[in-house]
Structures are given as structure tokens and as C-alpha cells.
Amino acid sequence: MASEFVQFSLTPILIGSLAAVACALPGNFLVLRRQALIGDAISHVVLPGIVVAFLVTATVSTLPMLLGAAGAAVVAVVLIEAIKRLGRIEPGAAMGVTFTALFAAGVLLLEQSDTSSVHLDVEHALMGNLESLIWLRGTGWDALVDWRALQGLPPELGRMAAACALVALLTIVFWRPLKISTFDEGFAQALNLPTTAIGLGLVVVAAMAAVAAFDAVGSIIVIAMFICPPAAARLMTNRLESQVAWSVVFAIASAVLGYVLAGYGPGWLGAHNAVSAAGMIAAVSGAILALACLFGPHRARIGAGKEASPV
Amino acid sequence: MHTLAVKLATADGRVLTPVAPADSPLAIRGLTVSYGEKPAVFSVDATFAPEAMTAIIGPNGAGKSTLLKAALGIVPRVSGDVTVFGRPLAAARSRIAYVPQRASVDWDFPTTVIDVVLMGMYRRLGLLGRLRPSHRETARACLERVGMADFADRQIGQLSGGQQQRVFLARALAQSADLYLLDEPFAGVDAATERAIIDVLKALNAERKAVVCVHHDLATVDSYFDHVFLINVRKIAEGPVATTFTSAHLQATYGGRLAMAHIEQLNIADHAS
Amino acid sequence: MTALLDALLLGAGYNAALVAIGASLLGFAAGASGTFLFLRKRALVSDAVAHATLPGVGLAFIAMVALGGDGRNLVGLLAGSAVTAVIGLLAVEWITARTRLAEDSAIGAVLSVFFGIGIVLLTVIQSMAQGRQAGLEGFLLGSTAGMLFQDAVVIAVGGSLAVAATYVLRRPMTLVAFDAEYARAAGVNVRHMDLAMMGLVTAVTVIGLKLVGLVLIVAMLIIPAVTARFWSERSEHVVWSAGLVGAVSGYTGAALSASAPALPTGPIIVLVCAGLFVFSLFFAPARGVLAAMLRFWRFQRRVHLRQGLLALARAEPIHDAFTLRVLRQKGLIRADGVATEAGRAQAAKTARDEHRWAIAREVHQDTALTGRYDGLTPIEAVFTRDEIAEFDRRIGGPTMVASGGPG
């Protein structure tokens, strides 16, 4: 039993949790800045980025694809800003125009190019492939100290751990400017903080997290983790520090519970086949958010903030 | 344009002389700001007096707030340059404290009163500087000055409008600046808060700090401020209240009938004109 | 090329013709109803609605199989998708109204969670005996390949109904979208109109599922509205232009897609639409980027020109490089910065007009006139020649230039 868990469940759960945390951290600030849907936009444009990278390099190797996806995310963000400012279009609509058009271009490119021979399709992009990230050499808990076995760990684990660590590090280092400029942009500018760069940096970090997670877990988890754990966390506390902590807890809980339910849940119900882990993780994060909406101690808008604002 | 070599005295007897831009806490030349093609502020020169309490006055949409924001580089300028204590803006930012309009932020943000005040100390703390007990003490002292020390650990959304405004002022105090720029600090606050804020501002002024407020209540100009700056897209006039806050200038600022109504209400003695 | 022409002229087969007509009707309905959403600044609510259709499709399939069918009845699947789409919509509204979370978070949460549940259901279906050929993945990105005749009829009829509903509701919905407060005062039930608007959007989404898929139907609801906005300031015009943009995109896209292999219908329709958007963004006459850039550039030059001339009149040094360049280009100063004959003349004129304005503001207390004193409107455009002559008389002659202001 233990060996089966280490071989087939440990690494997917770890990778899922790391991906969830990497997305939830920047998600906190996106939610507070009313930019939650930037996460949605980013996860859509990852597809055209990967397709273009494949067409340029003609290989399905990781680095070009990560670069392609990151490039597409940055292009999308720049396009959204440009459309917003140049066309004087409200942000939501600018986002909608950009990511749907880029996504359509990605699908078209995919259909046009001969990618049938390689594993590159829309469904994979959406659902990821968490279940396949197994650790065959992990024949038991003792494999964790066995160098040869450790070498057989799926490469996604290392990548995801590095991405998660980098996101966490950046969040800590830029905590104060992020907090100040998210709360009061005018004041931040008066302090000479580069608010435009901070905003763009946040989106780039989010894109990085999305791209790293995308390859392993698919874009559904990415969107869900950007928004659901931070949103649920917002309803638990009135302090940013604890909100971020709660969001990490919720992200990990979603990943672990979601994976376990997807893998073992159908068995408990008497079915034989596991269901999509990515979909289940998103569903669990939604359940957590629903509970927070119903019972979270700080779920309601309070105070004089809204009504007392001057006419 | 101010070349009259006249010595002027304020109500409390301090003698003021016309200011050279280099001595001014905030000097603006040829400032134009435009949203689209409609200028919000047009070709404004301003030389705010040192160690003075100045009110920026004008009708709605006259560009009062825009003037402050453009001076701070928060909104882009079409033309014009700004010096702060005789130096370029970028070199003198640490000497400015800014209090934005209360309505400009999301008061539902998950943070506490003391945290907001600590934001004012960012320049001293930097990216990763340790937050020491002394910093907290300073922040608490700033809250004490605005009468909000008891609220230090409250979530900001739980405050009333006046309390929020006081917290913003405390954050500005934490910046320990030499020039305080406030955007409508008295808008929509209760009488007690208004009293508290003006007391703090007068105390700052007594410490020889310059205070510039966007202000909308003509009735209190005389008692709160010693200088005025009248603007309606263009500068109308600037100078000591005694000589500049006149019915003629108010008429030029607010336009015919409206101004007359104001002026009669205010019972402004036409000191100078 | 002939294949494309055939398709454009509805000659590529009965099904393809029906699909093209259905796509243009759907495009029209999506564009027009999307405009209400866009004007109400809720464009991305459609994203949540669209993604929330997926679990409905899955559940409908499972239900139909459980009842003994093969589960592929399009009307049944669409009915199922409508149910969860409405639930998703209500969830967005509930979260926004009952908690402190903003609408964007609610939208993002609903779309990802419902979509996740949908994916879970799809994997369940794949493990069912009947599920192998279900082809439900087609709902993700739309697919008209192998579409049944009756499916094409469903799209064409649904599209027509949506257009008819848009036509009937256009006035109250425009009113609400433009100014909800005013609409309420005028006796329109804003809540009902919002529901009607969202109902229409849900209907369009559901009808479009098979054609363009749930990810891209959002594009059909947003892009035409945004595109049309560039061409008109009047909301009624925007509604119908958006419908037109949607119809053209739908028709052209469907025809293009039928004319060659590997041209999936949904993405092509969206890309045609995006092409129209990009064109409008740049070239629309009043709101387009090129027009705006030109206007701003002219405005900035005028501001700097005036600034420079005033400085010349007051014999102040000019530091601003842009001001110097403008003056030089106009031949008002020499390369070394000294004013030319023309420069001195224009500087004198600018300074005198300043002075005239100062007098004008003393004489006229009428803000409607003096309010135009923005330094760029020539004084001749506001006051008559006689009035200006009167100002000049007060100034005391047109030669006075650099002797200071009025106090």
C-alpha cells in the first residue's frame, strides 16, 4: 500500500500542491486589485504560446515551450493594456477581446500544423496530465533517501518546486511595495514607487507560475488556484499577511483532497476508473470557496467604506 | 508677474515677502495637464509660499486635484516642470507627504490602521528593512496626534469616513516631510475630525512645515489658511489670503452669479481691491 | 478559391449553407446582446456563463443514457447546458451580492470550478460504454464537421429566435445599459431587464456551443460590441452595428471553414471578428487610435507653441526641448534660440490676446464665454470684433506687450 502510494500518488500530489501554491500567491494580489481575470486570460493564451514555440523549434522540449508560453502571456498583457488605453475600452472587455482572439489563433495554428504525431492537443492543455507524473522508482518511503531512485523523479517536480520557490521569494522581497501599491496607488506613486512596473511584474510572475504549472497540471487548475484559494482566504481574515497564509493552506488542501478524491473516490463509489484529477482539484477549491462564502468569519462587506464615501 | 515689492502681513503678524521659485516648497511652471483634448489644468505657474498654509480653491472640475497629482507626477503632464524646495521633484520626494482623496482607495482592503500608518515609513524601511519596535512607536505617536491611537489594530473598513481621513493624515505624519500636500482633507468628515485635522495642520505649520490643501469650503478659508491659490483650469491668482481672497478674484474663479452668492454669504471685506 | 466562393455563395452543400446562415444569425444575436453586456461593463460575466455550460452537457448526456438513449441528442444536451449556465450565473450574482468578493473574483471562481466539474464529468463519461463516441469534446471548441441536419436546423432556428428577442427588447435594454438610474426612474424594471439580458446571453451561449464552442462563444459576445463602439457614440447604433459585425464574422467564418480542411469553424469566426476589431481600433474616424494620436500631437504642439511664444514675449529663457523644436520648425526662432521677425510678431500677438482675455474676464462675468479661456481657443472665435476693439481700448493700445499682468 505504502509503495503504491509513493509510486503513484506522492509525486502528483506534491506537484499539484506546488503548482497550487505558486498560483495562489500572486492570486492574492490579483484578487485584491480586481484583476482576478488576468489569471483567466493568461491561462488561455498559454496555448498559442506553446503552439508557436513548437512551430518554431519543431520539438516538444520543455524550455522553448515555457518560453513561448511566457512570451504569449506578456504579449497578452501588453495587448490588454494597449487596447484599454488606446481604445479607451473597459478592462474586462479588453481582456475578453485579447484572450479569446489569441486562443482562437492558437487553436487554428494547432489544427493547421501537423502536431498529431506529438502529444500536443487542446485537451491536454486544459486538463494537464497530473496522473502520469508518477515515480516508478519510488518503491517505498525509503526511496526518498535513495539517490538512484531520486534520480527517477519526474522532472516536473523539480521545475515546479523551483517555480514555487521563486514566486515565494519574489512575494517576500517585494511584499511592501506590492502591498502599498495595491492598497493606494496614488500614494505609492507619490512615494516614487514604480507602480506600473510593480503591476506588470505581478502579472509576469503570475504568468510564470501559470506556465510552469500549466505543463504539469493544465490550465483549469491554474485559473482555479489563482482565484479560489485567495478569494476564500479573503473571507477568513482582515489582514493581508494571514490572508496569504490561508490561501496557501487552501491551495494545498485543494490539491491533496482533489487528487485523492479523483484517484480513490470513484473506487469508494464502486466505479473502476479514476476521474480527472485537475478537474477534481478545481472542484474541491470551489467547494472550499463555497464554504467560506457561507461560513467565513469575514465574509460580508462591512463598515463605512462604501456608504460614507463622498458624493 | 509678482514684482510688487510690498511687504504683506498675515493675521498672526508674520511678515511675508514675494517668493522666489528657489525658496518655494513647491514651484510649478507652465503646467498643462489634459485628459483627452480638454485641458484640465492649463499653463499654470505657481510658487507656493514657504512655511505657509495654502488653500487651493476653485469650482468642481477646475483642476485642483489634478494640479496636485501632476505636481507629484501621478498624472502625466503635457508640459511644465516642477521644483520642490528648489530641486527637481525626483530629488526631493522624501520631503513631500501626500494625502490622497479618501475615496481613491478600497477601504475593504485587508489591513489594519497601524499598518496603513507604517506604509508612510516605507522610504525609511525600504524593501526588506526590519520593522523595529521604534517604528511601531513612531506610527503609534502619529496616530496619537490625530486622536486615533485607540484604533491602531482595527481593520480599516470598520472606520467612519472621518476616522479614515485621520488615518491618512497619520500616515502622512509618519513620512515626516517638510511639505504636506492634501487633497480635500475635509470632504465629508464630521466636525470633530475637521477640528482635529486643522489642529494638526496648524501644529505642522507652527513647526515651519508648508501645508497645501485642496479645499472646497470658502467659509473656512479665512480662519484655516494664510495663503490661497485660485484656479479654474488656469491660475486666477495666488497670494496671502488678506490680499488675494477677494470678491474680484472669486468672481473670476467661480464666474458671475455663483460667485456673488458665495461672496455675499462669506461677507468678505474687500481688503485690497 | 472556388471552394471559398462556393461556400460564400451557399453552394458548399445544404448543411454548410444552413451552418453559414445559422452562424450569421447567431453572430448577429451575440453581437447585439453582447453590446448590452458591454455597455453595462459586465462583458466577462459571459465567460462564467459559457464555462458553466460544460457540466450541464455532461449531466444531460449521463441522464439521457440513463433513460436509455444514446445521449447525443443536441436539444437535450443544450437544455442541460442552459441549466448549469443559469446556476453559474446565479452563483456569480450571489457571491457578488452576499460576500465582500468583487465580481471579477466571482466570475473567475465560477468559471474555473464549473469547468473543472465539467471535466470531471467528461472523464466519467469516457469510462461509460456509450461514452466513447460521445464527441462531447466538440463543445469545448465547437465542431461543425459531421454535424447532423437537425443540428444545423437547431442553430438556425435558435439564432433567429435570439435575434427576434433582441429586437423586441432593444429599447428597454439600451435604456438600462446606458443609465440604469434613469431607466428605473422611467419605470423600467431594471432587475427584470438585467435578467432578460443575461437570459439572452445564456441563450446565445447555448446555441453557439456546438458551432464555436464554449471557450470562444465569449469572443462572439464581446468583440463585436467593442468593435462597434469605435464607430458610434449612440447606443442604439452600437447595438445594430455590433450585430452586423457579428453576422459578417459568423457568415464569413463559417464559409471559410467549410471551404477547406483544418479550418475549425469557431476559431475562424473569432479571428475574422478580431480582424474587424483591429481595423476599427486603428482606423475608426473619431475614436480610432490614429485619429486620437493625430489630435493629441496637434494639441501638444499648440500648447508648446503658445508656451514658447509667451516666454518670448516676456523675454524668458526657454528650456523645454520640445517647445524649442516647435518654435524652430515654425520659423519663429533661429537655430541659436533668438526670435525671428515672425516670432516677435506672433509673440506680441499671443501676449496681447492674453491681455485681452484678462480684460474679457473682468468685463464678462458670463462663464459660458470666459470659460472657453483655455489659451488655445483664439479670442476671435469667442468674441466679436467690436468687443475685442473694446478690450483693446481698455488695454490702451496694441503695442503693449511685456509690461506685466493686471496685478
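Predicted model: local features only at pLDDT ≥ 70, side-chain atom pairs only at ≥ 80, totals over all residues.
User: Start with chain B. How many helices and strands?

Analyst: Chain B has 11 helices and 12 strands. Helices (H or I, at least four residues) and strands (E, at least two) are DSSP runs, numbered from the N terminus.

User: How much of chain B is buried?

Analyst: Of its 273 residues, 53% count as buried. Buried means that 20 or more other C-beta atoms lie within 10 Å of the residue's own; exposed means 12 or fewer, partly exposed is in between, and C-beta atoms are placed from the backbone.

User: What is the strand order in the sheet of 6?

Analyst: The order is β8-β9-β10-β5-β11-β12 in chain B, an open sheet with mixed pairing. Two strands pair if DSSP finds at least two bridges between them. β8 (96-99) and β12 (234-240) of chain B are the edge strands with a single partner each, so one side of each has no neighbour in the sheet. From one strand to the next, the twist averages 15 degrees. Angles run from 0 to 180 degrees between N-to-C directions, with axes being lines fitted to C-alpha atoms, for helices over the stretch in contact.

User: Which strands does β5(B) pair with, and in what sense?

Analyst: β5(B) runs parallel to β10 (residues 210-214) of chain B, with 4 bridges. With β11 (residues 227-232) of chain B, β5(B) also pairs in the parallel sense, over 4 bridges. Ala55(B) has Cys213(B) as its bridge partner in β10(B) and Val228(B) as its bridge partner in β11(B).

User: Is β5(B) buried or exposed?

Analyst: Buried: 5 of the 5 residues of β5(B) (53-57) are. Met53(B), Ala55(B) and Ile57(B) cover one side, Thr54(B) and Ile56(B) the other, and all are buried.

User: And how do β11(B) and β12(B) run?

Analyst: They are antiparallel, joined by 6 bridges. His227(B) is partnered in β12(B) by Pro240(B).

User: Which helices lie across that sheet's strands?

Analyst: Helix α7 (residues 191-206) of chain B lies across β5, β9 and β10 of chain B, at about 145 degrees to β10(B). Helix α6 (residues 161-174) of chain B lies across β8 and β9 (179-183) of chain B, at about 170 degrees to β8(B).

User: What about the sheet of 4 strands?

Analyst: That open sheet has the order β4-β3-β6-β7 in chain B, with antiparallel pairing. Its edges are β4 (38-47) and β7 (87-88) of chain B, each with a single partner strand, so one side of each is left without a neighbour in the sheet. β6(B) (residues 79-84) and β7(B) share 2 bridges, and Thr83(B) has Pro88(B) as its partner in β7(B).

User: Switching to chain A. How many of its residues contact chain C?

Analyst: 52 residues of chain A are in contact with 48 residues of chain C. Contact means C-beta atoms, placed from the backbone, within 7 Å. On the chain A side, α4(A) gives the largest share, 14 residues.

User: How long is α11(A) end to end, and where is its kink?

Analyst: At 1.5 Å a residue, the 16 residues of α11(A) (219-234) should span 22 Å, and the end C-alpha atoms are 23 Å apart, which agrees. The expected span is 1.5 Å times one less than the number of residues. A kink of about 35 degrees lies at Met225(A), shortly before Pro229(A). That bend is the angle between axes fitted to the seven residues ending there and the seven starting there.

User: Why call α11(A) enclosed?

Analyst: 16 of the 16 residues of α11(A) are buried, so the helix is largely enclosed by the rest of the structure.

Definitions and conventions:
Residues numbered from 1 in each chain as written. Chains lettered and ligands numbered in written order. Contact = placed C-beta atoms within 7 Å.
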